[in-house]
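Please examine the sequence and the model shown here.

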Amino acid sequence: MPIRGQTVLVRNEANVMCSSSGTDDGEEEICYLMQRAAGGGTLLGGSYQRGNWDSQLDPSLAIRIMKRAVELCPALTGGKGIEHLDIIRHGVGLRPYRHGGTRIEKEKIDGVWTVHDYGHGGYGYQASYGCSKKAVKLVEEVLAPRSSL
C-alpha cells in the first residue's frame, strides 16, 4: 500500500532539524524541517496519507506545509512569513508501506539467499543508516564461510 508524501524544498536555511509529532490539520499531516547538506536548502514536510495514489501536487496542502514550517521555525524566513520562502520545487511521492512495519530479514528462496529491507513508509531517509547497517550484517551472515564439522 502506498503512503503519499508531499514536501516543499526551499533555498532558505533553517540551520536546525526539527519535527512536530502532530498537527491541527489532521492525522495525515505532519511537520518537519530537514536541512540538506552543502547548501542544498531545507526540506519541509509534509503528509503521510495511507492508500492515497494521487501523484499530483495539492496546492492547499503545500501552503499548510509552509505555514507550519515557518511557525515551527520562524528563523527560516527571518520571521517574515511564507511569502519569503524561496521555493526550489514541490515534491509528491508514493512510498512503499508494509502492514506490520519494516521488513529487514534474510530468507532462502529457491535455494538463493535474499535479504529484505523494505516497507519504511515515509521514514526511509531517517531510518536508512540503521536499516542498512542491519541489512549489511545479514548479508555478511549469508556470505560467511560455514564450518564443515
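The model is a predicted one. As for charge, the chain carries 18 positive and 17 negative side chains, and the centres of these two sets are separated by 6 Å. Buried residues make up 34% of the 149 residues of the chain.

The secondary structure consists of eight strands and two helices. Read from the N terminus, the order of elements is β-β-β-β-β-α-β-β-β-α. The radius of gyration is 19 Å, whereas the globule rule gives 15 Å for 149 residues; the chain is therefore more spread out than a compact globule. Along the principal axes, the C-alpha atoms occupy a box of roughly 70 × 35 × 25 Å. Of the contacts between residues at least 6 apart in sequence, 63% connect residues at least 24 apart.

The cysteines remain to be considered. How many disulfides does the count come to? A disulfide is a covalent bond between the sulfur atoms of two cysteines. With a cut-off of 2.5 Å between cysteine sulfur atoms, the count is zero. For C31, the closest cysteine sulfur belongs to C18 and lies 6.8 Å away, which is too far for a bond. C31 counts as buried because its relative accessibility is 5%, below the 20% limit for that class. C131 is likewise buried, with a relative accessible area of 10%.

Definitions and conventions:
Residues are numbered from 1 along each chain as its sequence is written. This is a predicted model: local features need pLDDT of at least 70, side-chain atom pairs count only at pLDDT 80 or more; totals for chains, interfaces and linings use all residues. Side-chain values use heavy atoms; hydrogens and water are left out. Helices (H or I, at least four residues) and strands (E, at least two) are DSSP runs, numbered from the N terminus. The radius of gyration is taken over C-alpha atoms; the globule rule is 2.2 Å times the number of residues to the power 0.38. Buried means under 20% relative accessible area, exposed over 50%, partly exposed in between (1.4 Å probe, protein chains only). Contact means heavy atoms within 4.5 Å. Lys and Arg count as positive and Asp and Glu as negative; His and the chain ends are not counted. The place of a charge is taken as NZ of Lys, CZ of Arg, CG of Asp or CD of Glu.
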